[in-house]
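Here are a few friendly notes to read alongside the model. Keep the picture open as you go through the points.

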Amino acid sequence: MLLKGAEVLVQVLIEQGVDCIFGYPGGAVLDIYDALYKAQDHIRHVTTCHEQGATHAADGYARVTGRPGVVIATSGPGATNLVTGIANAYLDSVPLVAITGNVARALIGRDSFQEVDITGITMPITKHNYMVKDVDRLADTVRAAFRLAASGRPGPVLIDIPKDMQTSFTEYVPATPAANTNNSRIDEASLDAALALIASSERPYIYSGGGVVISDASEELLALADRLECPIGTSMMGLSAVPYDNPHFLGMSGMHGGYAASKALSMADLIIAVGTRFSDRATGNKQAYQSGRKILHIDIDAAEIDKNIVSSESVVGDVKQVLRRLLNAGVQRQPSDWAEQVRKVKSSAESRPEMPNDRLNPRSAIEAVNARLQPEDVVATDVGQHQLWTAQYYHFRRPRTFVTSGGLGTMGYGFGAAIGACFGRGKKRTVLFTSDGSFHMNMNEMATAVSNNLPILVVVLNNRVLGMVRQWQTLFYENRFSNTSLARRTNYAALTDAFGAKGYRVESLEALNNALDEALGIDGPALIDVCIDCDDKVLPMIPPGGTINDIILKG
Amino acid sequence: MEEKFTLSILVSNEAGVLTRVSSLFGRRGYNIDSLSVGETENPAFSRMTILSRGDVATRDQIIKQLQKLVDVKSVALMPPESTVLRELMLVKVNAELPTRAQIQQIVDVFRAKIVDLSPSSLTIEITGEKSKLDAFIANIVPYGILELCRTGVTAIGRNSNILTGTEEKEI
């Protein structure tokens, strides 16, 4: 079948099972949008307010579905607006296929109107990128991009398609997508060494990361904790993989992790790290983290082994497969009173949340939302204090229900991500926790939520300051609040009304409860502006480079 | 402990590959002491030789990060004892009549070659290991080096050690 390049692209998207994409039209993608117009029975295209929102939406979609998210943007500024979203997906290992138009090949390299070298710009933040220079290779390039985005350690892939490649004709030969086989060989000797290391330990601690969510390995992880009678702490990216009420679960560890998780980790003689890259935010002082204990590192990316933390033993492979192999091989540890020791830590006074929940504050606000949501409902966040409070106080019960920017820490991520997640879950209830700082970055996407009538509830934890930076200024910069006190007078409720959605402002817990009951009944977007104190802190906190001995428990 | 090492990398012979490899070194803070690249017996592949330095952990990271690049087909650490290492250098040296014979002697000792001459200068071509080239420079310096260029080291395994690439790999 002889088709134009743009039509081939759309055919291959359909081939790959894509039914929802995000993007923004423009001059260099007119032909692609024309092909999408003709294919609207197969692919829904969501037009956002800004290309950044579209990449975050594709990212959120991918996180909740596990399938590559797709974003389309025009050349030049359209393409550069994708950059933050692509970097965000890269650092959190999110499968993403970004498609950009570019000027015709004859105009490339001449600083033509809206020309930019987007493959050059995105080289360090993609698994790989392509510029299509031969229309006969377009279909296979798109197929390769999807395969690459989802295989191994997932990540973003960009395809830049010059305008003349979209309009040239080529023979389209349909193909079925290759099955994703993460069945790379697991080295037997490394498995044996891992089993021996665990067998010699008395006090193992499972440190679970985002790889467990990506590889759908929750069941195996919990089975391992049962078998070893040992605690599980997670990184922020690993949070939703372990149900909050699992008896082994100690919460998140790291800079703003719970006391119990950090304390148990410091008492362990073996850390079993599963699907994680030992981010500096998660480890704190690396010397102290490693000293006095062994490290078993399990990850699909060989380059993560010994990159940040030197392991005693390591197994490279899909974590679900590796955990299964360990369980089937009868993994065991030395008998000890470890479980009892951990129980004591978990029930200690230091492990209780410092923040009360009998009046309106971040904790009670998040708990009020939590009490009204179902286990499968998705919670997205922006970046800052509200994000960490959500990580600490929200009760995640199912994998892929927490959509947050971990590695890049992108303020303004949340709204786009919530939109993508909402589409990924068939337009089911989605909650976005954000703050006045993050919300102001990309609030424009409220318009997208309204046009698509998405049941997204935005909860703004509003403290009128850039709270996380203020917290550091308070603790480490002697209260010099340089440029973090915002003199904004935004009326969030009225703003939301102006966008065409329903807005609320609450100053008490009772008012919040009433607003939540009403807002969650609305079939469409709503926003609640929750007034909180500007000096509420995210605690506990282990200062950068610190250890459990430096933990700040009270504000 | 920092040490020098040689990597031989088989890459796809496509536009942008050199940038992908060199920018990986740049953004992760790895050193490149020398880099040379050229097409192989299979026009689909190019072969890069990179001289770098760092401790063992850095060296292993470099190799693993390189292996994650789609265009990198294989990476080999080339042990000095089983590798033929060569570099080519062209030197233009001041050579007035009275010193020409002396320079000719040095050229002979090093088995170098005079490839061009003018009334006041000689251009010398020399091939060998890095240490030989450095020694040659040390001997020629007194006459006045006008211009010097080196290709960077290229390397091939001794005996039947052959670097082959795989088209399909999982990243």
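1. In this predicted model, the C-alpha centres of domain 2 of chain A and domain 3 of chain A lie 31 Å apart. Their contact takes 15 residues from domain 2 of chain A and 14 residues from domain 3 of chain A; two residues are in contact if their C-beta atoms, placed from the backbone, lie within 7 Å.

2. Where are these domains in the sequence? The assignment for chain A, from an automatic or database source, gives domain 1 (2–171), domain 2 (188–351) and domain 3 (362–531).

3. Now look at helix α1 (residues 5–15) of chain A and helix α2 (residues 30–38) of chain A, whose axes come within 8 Å and cross at roughly 50°. Helices here are DSSP runs (H or I, at least four residues), and axes are lines fitted to C-alpha atoms over the stretch in contact, with angles from 0 to 180 degrees between N-to-C directions.

4. Which residues meet there? A:Ala6, A:Glu7, A:Leu9 and A:Val10 in α1(A) meet A:Asp31, A:Ile32, A:Asp34, A:Ala35 and A:Leu36 in α2(A).

5. Chain A also touches chain B, and that contact takes 12 residues from chain A and 13 residues from chain B.

6. Some reading notes: residues are numbered from 1 along each chain as its sequence is written, while chains are lettered from A and ligands numbered from 1 in the order in which they are written. As the model is predicted, local features need pLDDT of at least 70 and side-chain atom pairs count only at pLDDT 80 or more, whereas totals for chains, interfaces and linings use all residues.

How values were computed:
Helix = DSSP H or I, 4+ residues; strand = E, 2+ residues; numbered from the N terminus.
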